[in-house]
Structure formats: C-alpha cells, structure tokens
Amino acid sequence: MTATHAPLSTEKPVAPRHVLMLATGAGFSVASIYYSQPMLGILITDLHTRIGLVGLIPTLTQIGYALGILLLAPLGDRHDRRGIIAIKGVLLTLALLLSAVSGGITMLLVASLAIGITATMAQDIVPASAALSPAAQRGKTVGTVMTGLLLGILLSRVLSGIVAEYFGWRVMFAVAAAMVMAITLILWRSLPAMPASTRMSYPALLGSMYHLWKRYRPLRRATLAQALLSVGFSAFWSTLAVMLHDVYHTGSAVAGAFGLAGAAGALAAPLAGTLADRHGPAIVTRIGTALATLSFAAMFLLPLLSPAAQLALIVVSAIGFDFGVQSTLVSHQSIIFSLEPAARSRLNALMFTGVFIGMAVGSALGSLALEWAGWQGVVALLTLAGAGSFIVRLLSPDTAQGAHAAA
C-alpha cells in the first residue's frame, strides 16, 4: 500500500491578493500556447518558410499541452505544488525566450513543443487554489482563478496580433517570457508550501488515474458533459474568422473583437463558483449547459435578420454560450475536487484531457460542417453538442453526494 497524506486544508479564506495572483498566473501561462496563432502569416514571411511547416507551430504546442496534462499535471499530488509551479514557470520562460531568439523554423518548432508542455503550470495552479481554500468558498476561489485562465485564452490572440503587427513576433515572445517570469517569482514568494498528498511512485501515480476514472461516475459524467460543450466551443471559435471573412467580408480586427465578447462571458466563472457553493454545483451545470445550448440554437435565426442584426446576434450568442460553458466548467471542477482531495491534480488532469479531446474534435468537425453545410451546419453541430451535454447533466444525480459511488 502507498501512503497518503491529507492535503493542505484551511478554514481561513484565501487572501484576495493571493487569488488575484493565482488567476494571473493561470492566465499568463495558458496564454502562452495561443500567442503564435495570429502571427503565423508574419512567421511565414519572416522565416522564409512554407505554410505547412508554420502550421505545425500551434499543432506542436497543443500536443505538448496534452502530453503535459497527462504526464506532468498528476505530479501535483506527489510533490509540493508551489515548487512545481515555480519550476514550470522558469522552464516556460526559457521556452518563450527560445522562441524569441529562434533563427529558423526548426528551433521554433522545438520551442513550441516545450511551451505547450510547460504551460501546463496552469493546471497546477487551479488545484492549488482548491487546496488553499476552505470548502465553503472553494467554488468561488476556483471560479475566480478560472476566470484568469479563460481570459488568458480569449485575450492572448488579440494581444499577440497587435504586438506582432507593430513590434514584431520576437517582441511578443519576449514580453510573454517577462510576464511569466514575473508572476512565477511573485507566486513563489507569496504562496505557502503545499505538502504532497501521496507517496506513490510515478508509474503508480499514472496507473492510479485509470482506477480513479473507473471508480468515480461523477468524474466520467463531468468529463463527458464538459467535453461535449468543448466540441461546440471549439467549433465556433475555429470557424468564426473564416465565416466572417467569407460572409461579411470583415478583417482580423473584427474577429478579434468577438474574442472580447467571449471574454465578457468568461466573467461568469466567479458567479458560477459562488452559486455552486450556495446551491450545489449540479444545478449550476444544468443551468450552464441549458444556457449554452439556447445560445447556440439562437443563431438559427440569422437568416431572418439584417446583416447588422446578424452580427449583433452572433455577439450576444458568443457571450451567452461562453457564460454557460465557463459556468459549467467551474461547477464540474467543484464536483471532481470533492471526490478525493488527495487526488485533485489527477482528477483535474483527467477532466481536462476530455476537454482537450472535445476541443480537437470540435475544431475538425466545425471545419467539415462549414465546408459542406455552411454556417447553419456549424450552428447545428453546436446545438447538438450543447444538447448532448445538457442531457448528460439532466440524467446525473442532483448533488455530488454520490461522489464516492463506484461505477
């Protein structure tokens, strides 16, 4: 038998400045995997390479992030999360600097893989925020930290597009490195030590994830429901710019403005966390999945409206479904973090692996739907994905009381 230890627990609320620092750290780290996307055209010209090779940059970054979630995020249960966050922050800084000084596409591809792997410090920060919070305020704290993470995702493309256009892509990577290093130092100096919750060997730690998956039905339901929402989320954002260009003849600036609309929806996370603390996370997941589904379905009305009204409806829908998706995500984390406190990093890694798979599937299906059935085909895909998620939550228990129930 492997020895386990109770995770850090406290009844003292986390100081607001610490929550802000954790949210900033999550946002800065996860943003690192998205900076390259708006800069691909500039990179083709500057590095004198072809689009196929440059297209590997975001691909390798996402692959690295997936590998980091599966292979490194579980280490948060075996080692002090404060130390892991610091180590990953330093390594992420170095990877970003390597990107900034890359002399060719090969070095930039290697650096991109490293960025993806080390950017998973965000997936150490979220369980750390749960471990530092008293149970009565855990949802609100995690929700606030998730807001930082989600804003990092949604605003990173806007920032990198502007900086790269006016100052160059190397400056963007250098600025990103400086931001990550600064927040890493702040977190290292401010956070308390977080003792390991298990002494399992690394192979046993990875193997335990299979057993956690089999043991906890609420984990499987949360992962499936969130993965379905991720299909819709990714399908929308991966096809929006192309649709706007083809149908409304808009440029990248307009597409970036829709990112700001999505960021407004991300502000739902702290509210969702508070509601989950007061009324239970299960009800919030039902509200969130229903809101996302209705927001997706509302875009079926686009052909009945004028062009200006169509754009307005897309903005409102983006705010609505982002609000629903992020509310559901925060509530799902409240559910899984209550299952087995000593395994929070592994539980989080399992759910986010499902989220990553959903994002990848959504991107692929969204492109196919747009090509073969136009934007209405994409809307149909979004609505089906949202409805599937709502059904999963509707058929789930009303509370997480059955958290420890085996399959």
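**Close-up 1. The kink in helix α16 of the predicted model.** The bend at a residue is the angle between axes fitted to the seven residues ending there and the seven starting there. In this predicted model, α16 has a kink of about 140°, which is centred on A373. The helix runs over residues 344-394 and has 51 residues, yet its end C-alpha atoms are only 25 Å apart, short of the 75 Å that a straight helix would reach at 1.5 Å a residue.

**Close-up 2. An aromatic cluster that includes F296 and F321.** Five aromatic pairs are present in the structure. In one of them, the ring centres of F296 and F321 are 4.8 Å apart and the planes lie at 35°, so the pair is tilted. The two residues are 25 residues apart and link distant parts of the chain, with F296 in helix α14 (residues 281-298) and F321 in helix α15 (residues 307-337). F296 is buried, with a relative accessible area of 0%, and F321 is buried, also with a value of 0%. Together with F233, F236 and W375, these two residues form one aromatic cluster.

**Close-up 3. The nonpolar core around M146 and L149.** The largest nonpolar core has 70 residues, and M146 and L149 are those with the most contacts inside it. Setting aside residues up to four places away in sequence, L149 touches A23, A26, G27, V30, A122, Q123 and V126. A second, separate core has 29 residues, among them A235, V325, V378 and L382.

Close-up 4. The chain averages a pLDDT of 85, and 90% of the residues score at least 70. Where pLDDT is low, the predicted coordinates should not be read in detail.

Notes. Residues are numbered from 1 along each chain as its sequence is written. This is a predicted model: local features need pLDDT of at least 70, side-chain atom pairs count only at pLDDT 80 or more; totals for chains, interfaces and linings use all residues. Side-chain values use heavy atoms; hydrogens and water are left out. Helices (H or I, at least four residues) and strands (E, at least two) are DSSP runs, numbered from the N terminus. The expected span of a helix is 1.5 Å times one less than its number of residues. A nonpolar core is a set of buried Ala, Val, Leu, Ile, Met, Phe, Trp, Tyr and Cys residues joined through side-chain atoms within 4.5 Å. Buried means under 20% relative accessible area, exposed over 50%, partly exposed in between (1.4 Å probe, protein chains only). Contact means heavy atoms within 4.5 Å. pLDDT is the predictor's confidence in each residue, from 0 to 100. Rings of Phe, Tyr and Trp (its six-membered ring) pair if their centres lie within 6.5 Å; planes under 30 degrees apart count as stacked, over 60 as edge-to-face and the rest as tilted.
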